Amino acid sequence: MGRELVGLAKEVLGSQGTLAFSRTAFWWLGVVVIVASHAVMLATNAIRLSPTADEYGHLYAGLALWEDYDTSVFCVNPPLIRVIGAFWAHHLDIEYPKYLLQDIADRPEFVLGRKAFETDPDWFVCGLIWGRLSVCMFSLFGLMLLMALVRHFHGPVGGLVCGVFWGFQPSVIAHGSLITNDIPVSVMMLASMLIFIYWLQRPSAAKALLVGVVYATALLCKFTALALLPLFLVFAAICCDVGLRRLLIHICLMVGVAWAVFCAGYAFSGLGRTLGSFQFLSPGWRGDVGLERISGNAFSDTILSNLPVPIPEDVMIGMDVQRFDFETGTLSYLAGRRGTAWWFYFYAMGVKLPIGTLVAFTVAISVALRRVSKIQAFEAFSLAFLIWYGLITVLAAGIGQQHRYAFPVLPFCVLLIGFGWSRSGVVLRCLLLTGAVGTVVFCLAVAPNWLPAFNTLSGGAKAGHRHLFCDATDWGQDLQRVANYANRQPESIRVVVVSRLNSETNLRAAGMRRGIEFSTNPELVIRRFINGSRVDRPLRLICSKTDLSMDPWMMEFLEERDGVIDLWGSHLTFLLAVKSDEHDIGVWPTR
């Protein structure tokens, strides 16, 4: 019996192994199961979650673009995803408040997006859900692209294993079903790389044109795709064996097509505006303007002042705002302390990704580094991109706030798993399979709360607020559940909701009754309760984990007490009462 099991394992794990039925049937059965499972989980997440903090801005900016052809709203990101995400909301005739830009530093899309929600929550959520389902297509496309590519080069089992690591990845499911840019740009960066390698191996004008179109699409998803450009130039210079003249023609064709398609996404608005006519926020571009002004132009009195800018004006303005964030830093939280560090994104991936995924990525990257002489062009590019993007994240430590900014590495890591599979023996393949199974088990165990999921080594979702905040724990996704949970509490209990991401007006619009209090200062609420100013009935606090992460006093208060219950991975709740025999505070069981 033991020999039979060993023989079966060798059949499955061997380089020429197959199952009892045909390879083709095995492949298509696996594809159907993985793709269908991924689609169901994406749809579940899209339908279940309330609007997240960024989606108010994206949906509002998308409506402004559809209604007024205005690309200036939310210009820190290109318009493609919000155009797709707001398509259904536009056709549902959702009302949204107009805005007039008062100052260059204004970011009205988030406030006005919330007001649009408050005006008609049901229609807003309806339009949001249909928009999310449309954006889900990027994640599904990425899944099928990865599986098809790995199958072509490394066999059907390798393709299915890679499909598992993408299709059952909690972070991909959570963010791939939202109207945000990070998963779409990750997928389109992968597609751009594959088309580029396709051109690199057999250069032609048609392929160069295709590279330009696909890369422009990635740029229209998010400016993060600019990270590919230096690698494109390096690989073209080193690996392309055509003559210099032909190479330059093809590069000019790629750049020209990409530029035209990208500018067309902005309807060529403000193209050619002179550099000296802009007002910049970032210190490097605004120059020395003194304390009385927040904007300026360091180029206004230079020879560059009359230089036409070859990109739409809203792109220039959006990049300036991003430079401002990069140079001045953003509100950040990491490993139990405010602020960030150069290792922010490495730490974030280490606590958010399932342990099985981390093991598989480690195996795949180590095999690729050990057998670097045998890797193919797209695998070499993937390895180079991981190193390059890792360097970028280290240098961009000042904007270490959202762990999703590291998502572009995920499809490239998954791609390397295919190489690791084909170049490994039985032991390493067993590790990769174990990692795949572990990823599936973890994904199903945390379902449907994929967004605030943390791996077991980090303490799970219940301990998530000790590591990261915002899009990693509470991003506003449980607004409706918070309102419903608060409404279910009996009148004999005083209920206070603590949240900065979910405003009081949003919670009221979601149906939270008037008798429930709202606060952004849990310490004040608790101290007043302890001092006896309002002790007529027990106090239930429902606290956002994002608020908790930024409140050391509250964190310490909870660490010292039992009976604290986790809600959906994004909030904590507990009952408080002053004990009758002593002036101390106690935590009542919440069940």
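In the predicted model, Glu-504 is partly exposed, with a relative accessible area of 32%. This residue forms a salt bridge with Arg-508, and the closest N and O atoms of the two are 3.0 Å apart. Arg-508, by contrast, is buried, at a relative accessible area of 14%; the value counts as buried because it falls under 20%. Both residues belong to helix α22 (residues 504-509), where they are four residues apart, about one turn of the helix.

The structure holds 13 salt bridges. One of them pairs Arg-132 with Glu-55, the closest N and O atoms being 2.5 Å apart. Arg-132 and Glu-55 are both buried.

A further salt bridge joins Glu-313 to Arg-273, with 2.8 Å between the closest N and O atoms. Here too distant parts of the chain are linked: Glu-313 is in helix α15 (residues 313-328), whereas Arg-273 is in the loop between α13 (244-264) and α14 (283-286), 40 residues apart. Arg-273 has a relative accessibility of 27% and therefore counts as partly exposed.

Salt bridges also link Asp-54, Asp-182, Lys-222, Arg-404 and Asp-471 in a network. Within this group, Lys-222 is placed in the loop between α11 (205-221) and α12 (229-239). Its relative accessibility is 9%, so Lys-222 counts as buried. When neighbours within four places in sequence are left aside, the contacts of Lys-222 are Asn-77, Pro-78, Asn-181, Asp-182, Val-185, Arg-404 and Tyr-405.

Several backbone features fall in loops. The peptide bond joining Ala-447 and Pro-448 is cis, with omega about 0 degrees. Pro-448 is situated in the loop between α20 (426-446) and α21 (479-487). Tyr-69, a residue other than glycine, has a positive phi, near 55 degrees. This tyrosine lies in the loop between α3 and α4 (80-85), and at 72% relative accessibility Tyr-69 counts as exposed. Ala-335 likewise has a positive phi in a residue other than glycine, with a value near 50 degrees. The loop that holds Ala-335 runs between strands β1 (333-334) and β2 (337-338). With a relative accessibility of 31%, Ala-335 counts as partly exposed.

Note on methods. Residues are numbered from 1 along each chain as its sequence is written. This is a predicted model: local features need pLDDT of at least 70, side-chain atom pairs count only at pLDDT 80 or more; totals for chains, interfaces and linings use all residues. Side-chain values use heavy atoms; hydrogens and water are left out. A salt bridge is a side-chain nitrogen of Lys or Arg within 4 Å of a carboxyl oxygen of Asp or Glu. Buried means under 20% relative accessible area, exposed over 50%, partly exposed in between (1.4 Å probe, protein chains only). Helices (H or I, at least four residues) and strands (E, at least two) are DSSP runs, numbered from the N terminus. Contact means heavy atoms within 4.5 Å.
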